[in-house]
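Here's a quick tour of a protein model, starting with the whole chain and then stopping at a handful of residues. Keep the structure open and follow along.

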Amino acid sequence: MEQKHHYIGLTDAQVIESRKQHGENILTPPKKESLWVQFLEKFTDPIIIILLVALVLSIGVSCYEFFSGHGDRGLAVFLEPAGILIAVLLATVVGFCFELSANKKFEVLNKVNDDTLVKVIRNGNICQITKKEIVVGDIVILETGEEVPADGELLEAVSLQINESTLTGEPVIKKTTNPADFKKDATYPSNHALKGTTVADGHGIMQVLKVGDASEYGKVYEGAQIDSSVETPLNQQLNRLADMITKASYAIASLIIIGRLITYFMGLETFDWITFGGYFLQTVMIAVTVIVVAVPEGLPMSVTLSLALSMKRMLSTNNLVRKMHACETMGATTVICTDKTGTLTQNQMKIYETQFYGSEGITDVIKEGIAVNSTAYLDFSDAAKVKALGNPTEGALLLWLHDNNINYLPLREDAEVVEQLTFSTERKYMATIVNSPLLNKRILYVKGAPEIVLDLCKTVPIAKEEVHKQLLEYQNKAMRTLAFAYQIIEDDKSYINEGKLQNVDLTFLGIVAISDPVRTEVPEAVTICLNAGINVKIVTGDTPGTAKEIGRQIGLWEQNEDESHHLTGTEFATMSDELLLDRILDMKILSRARPMDKQRLVQLLQSKNQVVAVTGDGTNDAPALNVAQVGLSMGDGTSVAKEASDITILDNSFSSISRAVMWGRSLYQNIQRFILFQMTINVAACLIVLIGAFLGTESPLTVTQMLWVNLIMDTFAALALASLPPNEKVMNNKPRKTTDYIINKPMGKGILGVGIAFVIILFGLLQYFKHADITSLTQFNFFDFLRSFFDFSSGGKLSSEELSLFFTIFVMLQFWNMFNAKAFMSGRSAFAMLGKCRGFLAIAVVILFGQWLIVTIGGEMFNVVPLKLSDWGIIIGATSLVFWIGEVMRIFKRV
C-alpha cells in the first residue's frame, strides 16, 4: 500500500492506557438466564397460576380428609392434587424442553469470531493483531474485502467504497477525506468507517475513535439486549380467560355456600353448633371442589403442545422458532416492518439490462473489456451459488458473463495488463490498457459514470440524447448505470498520465443498468399479507428513490402515491411522537432510517395497539427486532440480528413470513377448538357438582376418573386438535384485535349450549340409575328414563355396572364432541380433509382404546367393571348423535 504520510501509531504504553480508559474492542455479551430461571418463567402463565392455586386448595382438602378420617379412601385422597401437579409439570417441562432445543440449534447457527487479524501501525511499524485487541487511537489499515474492526475517522481514502448494509442497508457507500465531497444526507459521516461494515473496494487508513460497546455497532447491539418484551396477544387473551374462569368458579362456589346455608336454615328447628360446623365444612369442601373442577387442567398442556408441534413443523418450512410464543403471535400480526436489503432484495447486485450499441450479442471487445477492466473476482466454490468478491458493481458484470456461459478468468489471465487506472470517486472511471490475445492488438478499455465516459468518446453509434433518455429511465427506477468504451492503440503515445486519461479517441460501446433485484417470491408474498389485512412497511437506510422503486416493484408503492406516506430518517427524528402517531399507520416507507429510528417506529405502532413483526438481516435491525412482538431475522443475517430475533428464516424468503402468519392463525384456531372442547367438559362437570350440592347427592365420577378425563384424555385431544394441518383460508380473514376474547360468541354459545345439554343427559341418567337397577343398557327403558328425571326422592345407590356405564357415556359424549371441535370455524364437514388428518384419527383411536382399557382392567382404582360388547355398541351409537347433530347444524349454516 502506498502511504502519503508516515504514521507512528500508538506505543505499547499508550495502548495499555487507552485500553484502561476506553475499554476493549469486544461487545459485552447479554446476561443469559440460568436454566432454572428459564424453567421457572414457565410458571408465570396465567392458566398455570390458576392450576397452582387449585393445587394448594386440593392439597388442603385432601389433607383434611386424610388426617380427620373423613371418608375411607386413605392415601387415594391425594390422587387429585397429584394429578394437578402432573398437569402443571407436563405443561411447563414440554415447553421448556422445546425452547431449549431450538436455542441449541440457534447457537450453532450464530457463532461469532473476534480473533480475526487486522493490520495496524504501532511503534512506527505495521503489525497484525486480533480484532479484539484494537484500542482507541490505533491507526488501522483497511483493504478490499476486510471488515472494519472499530469506528474511526479516515486519514486516507483511495477509491474507498464500504458496504454498510449491516448498519444502513446500503451495499456501497463512497468514502472520502475531502470535505468538498462529503454527502450531507449520508446516514453516517463520509469520512468515517464503522465497525461491522466491509471494505467493498479501494483502501484507506483510519484512526480508531470508538471500540466495543461505544461503537455504533455496539450501541445497536446493546439496544438489541434491552429487555423491552411486550406481552403477546395470546398471553393477554389467556390472562382474560384465567380471570373469567377465576371469577366464574368463585361465583359458583359462593352460590353453593349461600344456597346451602339458606337451605340449612330454612328447615332448621333447633340450632346445634357441632352439626352446623360439620355441615358448613362439607359445604366449603364442595365449593373448593367446584373451583378445582372449573380449572381446565389440560389447557396449559394443550397450548404448550400446540406451540411445540408448530415449532417443529415450522422448522420444516425454514422457520427456526427460538421463542415458542412467536408461533402464534405471527397469526395476530397487524403490521410487518421489513428491511429492504437482503430481505426484500437479494443483497447481490445484478445486471438488469444491457444496451450495447452497434453490436449484436456479446462481442470479443465487450467480454474482454468487462473481464480485464475490473478488480472483482468470482467465488466458484459453490457451483450452485456463485458469489462475487470485491466491488459489488464490478462483481455484477462478472456474474452477467457467467450467466452467459463466459468464464472471465481465462480472459483476464491471457490478457497482459500494460497499464491501469483503478476506479476513484474523483475520476469516476476505470481504465486498463492490455495486449489483447483475442484481437492481437493493444486495447484501452474504459468503464465508469455514463456522463463522464460519454464526454471522453469521439465516436458514439447513436445520438447522445437517446443515451441520456435511456439513462434517465434507469435512474428513475433507482438503478446504477455504467458506460463502456474502448480504443485500439496503434501508436506509442502515452494515454495515461498523472492519474488521468489523455490523447484518447474512444468509441462508445454502450451502457448497463445494475440493481439489487427484488427476490422473485416477494411481490406475491406481500400481496398475500396485504390481502390478509396486514400492513407492510419498508424501513431502510437506503435512499428515498431506491426505497420507493423497491416499494413499486413489490406492489406497495403506487405510481401516484401520496408523498405523505413516505418519511426520511431526518424528518422522522425531528417529529414529535404526537405528530408521528397521526401518520405512522398510513406511512408505507421510512428511508434513510437509523437503527434507533426503527425501534422508535415499532414502539409507536405498538402504542396504537398494533401487533408488530419486524424482519431484517442487518445489525441495524436488531433493536427493532428485539422490541417487536415478533422479530424475524434472515438465516444469512448478522449474528446481532439473529440474537435479537424470535424466528430465523433459514431460506431468507419473505414468502416464509406469510407462511408463518398462516401457521400462527391456524394454530390460534386449534387452541380455540381445544378451549371449546375442554370448557364444555368443565361446564358440564361444574353444573353436575352444583346440582349435586343442592340435591345432596355425591358425584358419580371419582377423582381417578376425572383425572383420566381432565389430564390424559384432554392431553390426547390437545394433540389431536394441534395436529390439524394449517388452513390457507385463514389468510382471507383480517387480523384479530388484541382486545378480542379468546372465547368468541359462537364458542360461548357452543360451550354453554352443549355443556347444558350434556348436563341434562347425564343428570337424567343419574336419576334413572338411582331408581332402576340395571346391569346392561339392553335393559334401558326410555319412558322410565323420562319418569325418573323429575323424581327427586332418594333412590338407591348406583351399582358398579351403572357407575361404569355413566363414566363411559360421559367420556364418549366428550369424544364425539371432539369431532365437532375439529370442524369448528372451518365452514366444512368434520369429514373434510380426513385424509390429511391422520394424526387426528390415530389419536381418536387411542382415546377410544384407552377408555376400553380403563373400563376393562381399571377395577377398583377407577371404580369400574368391564362392560359387555352390546353396551359398547349402544354407547358408541347413541353418543354419536352429538356428532351427527353437529353435522346437520353445519350443513344448515352452509346453506
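What follows covers the overall build first, then single residues.

A word on ground rules: this is a predicted model, where local features need pLDDT of at least 70, side-chain atom pairs count only at pLDDT 80 or more, and totals for chains, interfaces and linings use all residues. Residues are numbered from 1 along each chain as its sequence is written, and side-chain values use heavy atoms, with hydrogens and water left out.

**The whole chain**

The protein chain carries 30 helices and 26 strands; these are DSSP runs, with helices being H or I of at least four residues and strands E of at least two, numbered from the N terminus. Its radius of gyration is 37 Å, whereas a compact globule of 895 residues would come in near 29 Å (taken over C-alpha atoms, with the globule rule being 2.2 Å times the number of residues to the power 0.38). Along the principal axes, the C-alpha trace spans about 130 × 65 × 50 Å.

Of the 895 residues, 54% are buried. Buried here means under 20% relative accessible area, exposed means over 50%, and partly exposed is in between (1.4 Å probe, protein chains only).

Now for contacts, meaning heavy atoms within 4.5 Å. Among those between residues at least 6 apart in sequence, 74% join residues at least 24 apart. As for charge, there are 78 positive and 94 negative charges, and their mean positions are 4 Å apart. Lys and Arg count as positive and Asp and Glu as negative, while His and the chain ends are not counted; each charge is placed at NZ of Lys, CZ of Arg, CG of Asp or CD of Glu.

**Two buried loop residues**

Ser-215 sits in the loop between strand S7 (198–210) and helix H5 (216–225). With a relative accessible area of 0%, Ser-215 is buried. Its side chain reaches the backbone nitrogen of Gly-218 at 3.0 Å. Apart from neighbours within four places in sequence, Ser-215 is in contact with Asp-151, Lys-195 and Lys-210.

Asp-542 is also a loop residue, placed between strand S21 (535–539) and helix H16 (544–553). Asp-542 counts as buried because its relative accessible area is 6%. The side chain of Asp-542 makes a polar contact with the side chain of Lys-340 at 3.1 Å. A polar contact is a pair of N or O atoms within 3.5 Å; within protein, one must be able to donate a hydrogen and the other to accept it, and residues adjacent in sequence count only if both atoms are side-chain atoms.

**Two asparagines with positive phi**

Asn-123 is not a glycine, yet has a positive phi of about 55 degrees. You'll find Asn-123 in the loop between strand S1 (117–122) and strand S2 (125–130), and at 38% relative accessible area Asn-123 is partly exposed. Asn-609, again not a glycine, has a positive phi of about 65 degrees. The loop holding Asn-609 runs between helix H19 (595–607) and strand S24 (612–616), and Asn-609 counts as exposed at 56% relative accessibility.

**Pairs across the sequence**

| Pair | Apart along the chain | C-alpha separation |
|---|---|---|
| Ile-489 and Leu-444 | 45 residues | 6.9 Å |
| Pro-392 and Val-172 | 220 residues | 7.7 Å |
| Ala-844 and Ala-376 | 468 residues | 62 Å |

Ile-489 belongs to strand S17 (residues 480–489) and is buried at 8% relative accessibility. Beyond its neighbours within four places in sequence, Ile-489 contacts Ile-433, Arg-442, Ile-443, Leu-444 and Tyr-495.

Pro-392 is in helix H11 (residues 392–403), and a relative accessible area of 17% makes Pro-392 buried. Not counting residues up to four places away in sequence, Pro-392 touches Val-172, Ala-200 and Met-349.

Ala-844 lies in helix H27 (residues 838–857) and is buried at 4% relative accessibility. Leaving aside neighbours within four places in sequence, Ala-844 is in contact with Phe-815, Met-818 and Phe-819.
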